[in-house]
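Visitor: I'd like to learn how to read a protein model, one feature at a time. Can we start with a charged side chain and how open it is?

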Amino acid sequence: TWRVILDEDKLHFYRTSAIGGFSATDMGIALCHFEQTCKELDIKGCLRVLEGMESKQGQYCISWMGE
């Protein structure tokens with residue numbers, strides 16, 4: 001499964017389980033839909049991999065940064 005953590009103008013995406021959850025491909029599709037929705041709504045931002053994002057939330061994957 002996946003977890004998304006809101007941190008001010010950032011969203012951090014974590015993988016919490018590899019068993020019975022979404023695959024990396026599924027998450028890629030979801031991130032693409034998320035980005036396309038932001039563009040459609042004129043919400044400016046971008047996806048970035050940040051350093052030092054280890055957490056008890058799960059395995060860090062990527063963050064969306066609002067502009």
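Guide: Relative accessible area sorts residues: buried is under 20%, exposed is over 50%, and partly exposed is in between, using a 1.4 Å probe and protein chains only. Lys44, with a relative accessible area of 48%, is partly exposed. Keep in mind that this is a predicted model, where local features need pLDDT of at least 70 and side-chain atom pairs count only at pLDDT 80 or more, while totals for chains, interfaces and linings use all residues. Residues are numbered from 1 along each chain as its sequence is written, and side-chain values use heavy atoms, leaving out hydrogens and water.

Visitor: Which residue forms a salt bridge with Lys44?

Guide: The general idea is that side chains of opposite charge can pair when their charged atoms come close. The rule for a salt bridge is a side-chain nitrogen of Lys or Arg within 4 Å of a carboxyl oxygen of Asp or Glu. Here, the partner of Lys44 is Asp42, with the closest N and O atoms 2.8 Å apart. Asp42 counts as exposed, at 56% relative accessibility.

Visitor: How many salt bridges does that rule give?

Guide: The count is two. In one of them, Lys10 meets Asp9 at 3.6 Å, N to O. Lys10 is partly exposed at 22% relative accessibility, and Asp9 is partly exposed too, at 40%.

Visitor: What about the backbone? Which way does phi go in Asp42, positive or negative?

Guide: Most residues other than glycine have a negative phi. Asp42 has a positive one, near 60°, and lies in the loop between helix 1 and strand 3. Glu8 also isn't a glycine, and its phi is positive at about 55°. You'll find Glu8 in the loop between strand 1 and strand 2, where it counts as exposed at 73% relative accessibility.

Visitor: Where does Trp2 sit?

Guide: Trp2 is in strand 1 and counts as buried, at 19% relative accessibility. Across the protein, buried residues make up 21% of the 67 residues.

Visitor: Last one: how confident is the predictor?

Guide: Look at pLDDT, the predictor's confidence in each residue, from 0 to 100. The protein's mean is 88, and 93% of its residues reach 70 or more. Confidence is lowest in strand 1 (residues 2-7), at a mean of 89, and highest in strand 3 (residues 45-48), at 95.

Note on methods
Helices (H or I, at least four residues) and strands (E, at least two) are DSSP runs, numbered from the N terminus.
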